[in-house]
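Welcome, and thank you for taking a look at this structure. Please walk through it together with me, one region after another.

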Amino acid sequence: MASSIAIDIGGTFTDVSGFDPERGGLWFEKTPTTLRPDEGALTGLGKLSKAGFDVPAALILKHGTTVVINSILERDGARTALVTTQGFRDVLEIGRGNRPESFNLMYSRDPAFVPRELRFEVPERMDAKGNIAVALDMAALERIALEIKEAGVDAIAVSFLHAYRNPVHEIAAAEYLAKATGCFVTASHDLSGEYREYERTSTAALNAFVGPKAGRYVERFKTGAEAAGFTGDLYLMGSAGGVLTADEASRRPILLIESGPVGGAAGAAEIGKLTNNPNVIAFDMGGTTAKTVMIENGEAAVTPVYYAAGYNRGHPVQAAVLDIVEVGAGGGSIAAVNEMGTLSVGPRSAGSVPGPACYGNGGTEATVTDANLYLGRLDADNFLGGEMRLDVAAAERAINELAEKLGQTPLSVALGILRLATLTMASSVRMATLERGYDPSDFAMIAYGGAGPLHAAAVAREMGISRVIIPGHPGHFCAYGMLFADLRSDVAETIGQPVSKIDMAGLTARIAAMVETSREEMGRAGTSIHEVRTAIFADMRYQNQEHTLSVRLPEGGTLTDVALRELFEEAYRQRYGRSTAADLAVDLVSIRVATTGIGPRPEYARLNPTETPEKPRNRTVSFADGPVDCAIWQREDLRADTPVDGPAIIEEGASTTVILPGDVARVDEWGNIHIDIARGEA
Amino acid sequence: MNVTKTAAFARSANDPITISIVQSLMVAIMDECEINLSRTALSPLIYEGKDYCIGLLDRQTRTIVQSRGSVPTFMSDLGVPVADALELYGEEGIHPGDVFMMNYAEICGQHLNNMVLYAPVHHEDKLVGFIATRAHWTDVGGMTPGSASTNSTEIFQEGIQFRTVKIYKRGEVCPEIMRMLRHNTRYPELVIGDMEAQIAAVELGRRRYAALIENYGWDLISSSIDELWTRSEALARERIRALPDGTYSAEAFLDDDGIDLETPIPLKLRVIIDGDSFTVDYSDFPPQTKGPMNSGGNVAESVARVAFKSAVVPEGPATQATFAPVKVIIPDGTILSAKNNAPMSLWTVSIKTVVDLIYLAMSQAMPDSVPAAHHGSMGVYSFSGVNSETGRTYSTADTVLGGWGARPDADGFSPLKTVTHGDTKQVAAEVEEVLFPLVVEKHEWIPDSAGPGEFRGGLGLKKVYRLPEGARLVGAFERAKCPPWGLFGGGSAKPGTIFVKQPDEDEWHQFQKITAYPIKPGGLVVLLSGGGGGRGFAWKRPIEKVVADVRAGYVSRKGAADDYGVILNAGSLGVDIEATEQRRQQMQAQTTI
């Protein structure tokens with residue numbers, strides 16, 4: 001079986017993982033992130049080689065990158081022009097007119113990525129059914145091309161009304177503009193097959209804005225990887241949970257917007273399958289935020305609209321993006337006395353500089369990490385595998401100061417900080433599950449990230465989740481998970497008709513064509529793909545509803561309107577516990593086809609259960625009922641099936657797992673820690 | 001580590017940590033209810049427009065917490081309609097499993113589309129609170145589709161009223177009420193679907209809140225609520241004490257009442273800051289109008305609360321106690337305290353101006369906390385007719401986006417809905433064209449529509465509709481005669497208006513308020529929204545900012561010269577320095593006279 005590599009370049013660290021079945025399994029390396037991507041690839045692969053991994057023999061290299069999200073957050077991208085249907089050049093700035101901060105009189109949205117003087121209108125028009133109402137005015141387009149060239153633009157987005165229905169005008173305009181200007185050109189229908197002109201235009205504008213930069217990045221990364229001896233297929237981690245080819249990533253870089261976290265979700269899905277939990281909640285907590293992603297039947301949830309830089313002020317991306325619910329609760333979240341004189345935690349974060357007070361880098365405010373240290377849950381001498389010593393006295397000072405302000409004991413303040421952080425994290429789980437209509441108590445939670453295992457048990461209790469699983473290497477889990485990510489493409493087409501009025505033979509043929517095109521594309525994607533799978537989904541709703549339910553359709557055979565309606569109503573009942581008493585038609589809003597190309601993936605080694613376990617150390621750790629003498633285990637000392645009764649702490653290189661009083665943990669044959677969560681409050 | 005065995009984490013009723021925890025848990029319940037409502041509602045006004053609120057009330061109907069997405073004006077008097085159940089039934093007549101509906105105008109004081117659905121919460125057989133939701137229903141009958149009109153003269157023309165009716169009794173639905181409802185609306189599927197979504201949301205909230213009480217014990221929950229209130233009130237009073245005492249007056253007027261289009265309606269109020277109390281005195285408000293510009297119930301108080309909260313205590317939860325220092329003085333029978341079955345269809349058109357007017361008064365006491373006036377027109381518009389493709393009647397409903405007033409340190413933002421809207425989105429043009437027989441031809445900024453100033457207002461927008469099959473138009477655009485004003489020398493903005501052109505005519509007809517106006521097939525409707533007022537003298541605006549606005553087309557060359565005193569060289573964006581200096585000196589001299 002073939003070997004593979006994954007490189008996850010984050011803001012601070014680059015994680016590299018390798019899998020080689022013949023040479024004995026998994027490799028993990030960490031190296032500081034450098035500015036140049038080719039250097040990053042070279043150093044990362046160099047470290048892997050040095051550790052004994054055969055880089056030239058690897059067939060696949062998967063790469064997760066923050067280049068796209070950073071380019072947007074820092075507003076550092078191409079000088080971009082926008083070409084729209086006549087009458088709609090302002091759509092990018094007009095948006096939808098909502099004010100998410102309803103008591104904020106000074107509210108404003110972040111500025112558009114294309115200034116008004118670079119937004120152009122061309123006479124053309126499709127009607128809502130996709131018929132040409134006004135022909136594309138090529139002479140006007142010629143004049144626009146000249147103006148664009150004069151303006152020194154690097155990238156162009158083309159977005160026409162109803163192009164999701166009939167893209168011929170967009171295609172013609174994009175082809176002409178690319179030829180006439182030499183710019184990076186993107187057309188809205190190529191990114192989103194669905195209606196809503198603002199969201200689709202914003203997606204195209206963002207794609208153009210990051211396009212040239214992302215293209216150069218991919219090119220350089222490839223050069224670096226080749227210089228390090230890699231000769232196989234290069235893929236980038238796409239936001240929908242699968243990987244994209246380098247060409248696809250350069251053409252539609254906006255699909256890389258959540259490129260990093262996708263690895264974690266893919267890994268969580270894999271751990272779920274391995275442990276017979278096809279439905280899991282992936283919970284990732286780091287220094288500044290906690291992220292939750294739902295995984296159902298081994299597939300991570302994706303959202304049809306994602307907001308770059310946040311819902312309140314950011315810009316929409318109407319494309320399949322991993323449905324990550326992110327809240328401002330991380331190890332660095334600052335605890336403070338708010339205007340009401342009560343305690344609040346976050347959303348302000350001490351970040352990595354100065355970081356929590358206990359980092360000793362000048363931070364003085366108490367953070368979640370300081371509370372963990374104060375309560376004995378973290379070991380000052382054993383943080384990040386002993387790479388960084390924590391300053392206990394500094395944490396105490398910060399907590400004491402807060403305690404004085406609040407007139408409470410420091411212990412109750414430290415416990416309160418964790419409790420409030422838990423509630424914020426629980427809200428991300430709540431949104432990720434309930435908003436999609438799932439009951440969290442039906443799921444197991446897989447927790448990773450540097451701080452995930454510290455808090456997972458408490459969050460699980462809050463949400464009524466009865467099982468938490470801590471995979472191996474939780475601190476490197478995103479790079480690890482990437483090894484499991486499949487090649488994936490998502491296409492969607494808007495149908496927008498009541499099921500009773502749809503020509504079912506036509507629809508069946510349309511779906512068949514979508515499937516065939518996707519399979520063909522996948523077939524060209526790389527030599528390492530050995531199996532292609534497709535899943536077809538129908539997004540339906542009751543007439544007049546907005547939110548759709550996505551129902552998986554059976555493959556093959558001709559669809560009937562009765563069958564579609566039944567599938568929908570069954571799913572609706574399951575999701576909302578009722579169907580409606582009103583006599584309503586069911587609309588088929590769109591059809592989605594998700595195509596997956598399966599390549600080689602790692603296999604798990606089993607632990608040897610026969611050895612006798614080491615004895616744990618002990619130290620004082622505080623929980624809700626006060627300080628107790630608590631068992632401290634080293635993870636590598638645990639053997640399969642040995643029960644660990646809470647309270648207990650399990651320490652390992654880059655992470656610490658907390659087992660709360662009343663909970664029981666057990667290591668499975670692959671080394672995952674399973675925690676059975678008791679009912680009640682953490 | 002310095003940890004002693006005695007210092008365990010004891011919960012006490014009033015410690016500042018427990019309060020935060022209990023509050024987070026209660027907000028979480030409201031958010032869960034909101035998710036449930038918006039995902040199952042059938043009408044775009046709810047799922048897309050988010051025209052609703054959900055709140056947790058105590059047994060005396062005082063607000064404890066609300067969901068994050070709740071519309072501010074819906075929330076701040078939610079207790080009033082619920083209190084009617086206590087009045088009519090007493091606590092002993094309110095049973096577990098009951099669900100009430102309520103839109104009775106004499107008490108609610110709003111147009112009849114706003115239906116309140118609520119469920120009592122019981123703990124150990126005692127009433128401990130209510131979960132309540134108010135949402136805008138698409139149609140409740142009355143003389144026009146959508147129940148909104150600009151020329152009704154009594155509430156009965158605006159639809160059916162339900163006064164504190166139990167739609168569920170002890171968990172059993174009341175089929176008679178359902179039948180009655182079904183046959184008193186033009187769109188029974190939509191309305192019943194939305195009602196079911198509201199009922200499911202309050203039911204969920206009831207179960208969750210009861211479980212929370214079960215978990216923590218009623219003593220802890222109730223004393224945490226008391227403490228939360230004590231602290232909210234203390235914060236609000238502290239903020240008021242920081243403001244200079246005084247009586248601050250402001251005047252403006254509404255265009256007309258929808259019936260008599262010639263007579264403006266003067267509005268005059270006083271904000272009185274006295275120690276730690278904040279009073280809005282509406283004593284000089286005009287009598288209730290013949291047309292539907294009225295509101296009643298506790299709307300006068302609700303409006304004062306929205307203005308107070310967003311300007312004085314924008315952070316923190318909006319609880320009953322936040323509003324404890326807020327008082328209103330208002331006689332019965334005014335435009336904001338209408339009685340005796342007064343029409344209220346356009347209640348929300350009036351209150352935007354009232355909120356702006358309170359800010360205008362407050363700008364004297366707290367100049368750095370309020371913006372200049374915003375477009376302030378509900379700018380509601382609706383097309384209705386029969387869709388030739390489906391053969392069914394349809395009606396659209398949306399409101400315009402416009403400019404907001406200049407901020408103390410920045411230009412006004414545009415576009416947004418109004419100050420009493422929250423996270424409310426305008427329906428996308430492509431979605432409208434798919435759903436209804438209409439075409440959106442244009443949606444763009446109107447140059448020079450913002451109030452000029454050192455900081456200018458946000459711009460108004462032009463939206464053009466073509467109606468290939470014709471339609472009937474309802475529209476209500478305010479502030480034409482009293483356009484959105486500026487502050488501290490800033491200019492006022494261009495107001496919004498409606499233009500209609502029939503296919504067989506050349507001239508445009510202009511309207512501010514219009515009901516059921518027939519548009520012939522192929523007719524055009526142009527909606528202009530207002531801009532926001534400016535702040536500070538326009539001649540103080542840096543020249544490069546004016547040039548940038550001209551480059552972007554937000555300000556015309558003529559506007560740059562006339563409004564800002566910036567004279568550009570013909571054919572370029574170069575500034576004629578001499579002419580500009582001269583013109584600006586002239587402007588300055590005029591303003592200092």
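How close do the axes of helix H1 (residues 37–50) and helix H6 (residues 197–227) of chain A come, and at roughly what angle do they cross? They come within 7 Å and cross at roughly 30°. Axes here are lines fitted to C-alpha atoms, for helices over the stretch in contact, and angles run from 0 to 180 degrees between N-to-C directions. Helices (H or I, at least four residues) and strands (E, at least two) are DSSP runs, numbered from the N terminus.

Before going further, a word on the source. This is a predicted model, in which local features need pLDDT of at least 70 and side-chain atom pairs count only at pLDDT 80 or more, while totals for chains, interfaces and linings use all residues. Residues are numbered from 1 along each chain as its sequence is written, and chains are lettered from A and ligands numbered from 1 in the order in which they are written.

The angle makes H1(A) roughly parallel to H6(A), since angles under 35 degrees count as roughly parallel, over 145 as roughly antiparallel, 65 to 115 as roughly perpendicular and the rest as oblique. H1(A) passes H6(A) in a right-handed crossing; a crossing is left-handed if the near helix is turned anticlockwise from the far one by less than a right angle, and right-handed if clockwise. From H1(A), residues including Pro37(A), Leu42(A) and Leu45(A) take part, and they meet a group in H6(A) that includes Tyr217(A), Phe221(A) and Ala227(A). Two residues are in contact if their C-beta atoms, placed from the backbone, lie within 7 Å. This contact of H1(A) with H6(A) has eight nonpolar, three polar and three charged residues. In that count, Ala, Val, Leu, Ile, Met, Phe, Trp, Tyr, Cys and Pro are nonpolar, Asp, Glu, Lys and Arg are charged, and the others, Gly among them, are polar.

Helix H11 (residues 410–434) and helix H12 (residues 452–463) of chain A pack at about 65°, with their axes 9 Å apart, and their crossing is right-handed. Among the residues that make the contact are Leu418(A), Met425(A) and Val429(A) of H11(A), together with His455(A), Val459(A) and Met463(A) of H12(A). Nine nonpolar, two polar and two charged residues make up the contact of H11(A) with H12(A).

His476(A) sits in the loop between strand E24 (467–470) and helix H13 (477–482). Is His476(A) buried or exposed? His476(A) is buried, because 26 other C-beta atoms lie within 10 Å; a residue is buried if 20 or more other C-beta atoms lie within 10 Å of its own, exposed if 12 or fewer, and partly exposed in between, with C-beta atoms placed from the backbone. Leaving aside neighbours within four places in sequence, His476(A) is in contact with Asp15(A), Ser17(A), Phe28(A) and Ala654(A).

Some backbone details are worth a stop too. Most residues other than glycine have a negative phi, and most peptide bonds are trans. His162(A), in the loop between strand E9 (155–159) and helix H5 (168–181) of chain A, has a positive phi of about 60° although it is not a glycine. In chain B, Thr61(B) has a positive phi of about 70° and is found in the loop between strand E1 (52–58) and strand E2 (63–66). The peptide bond from Gly346(A) to Pro347(A) is cis, with omega near -5°, and Pro347(A) has its place in strand E22 (residues 343–349) of chain A. The bond from Ser414(B) to Pro415(B) is cis as well, with omega near -5°.

Finally, look at where the chains meet. The contact takes 71 residues from chain B and 72 residues from chain A. On the side of chain B that touches chain A, H1(B) gives the most, with twelve residues. By class, that side of chain B has 36 nonpolar, 15 polar and 20 charged residues.

Within chain B, H1(B) also packs with H7(B), at an angle of about 160° and with axes 8 Å apart. That makes H1(B) roughly antiparallel to H7(B).
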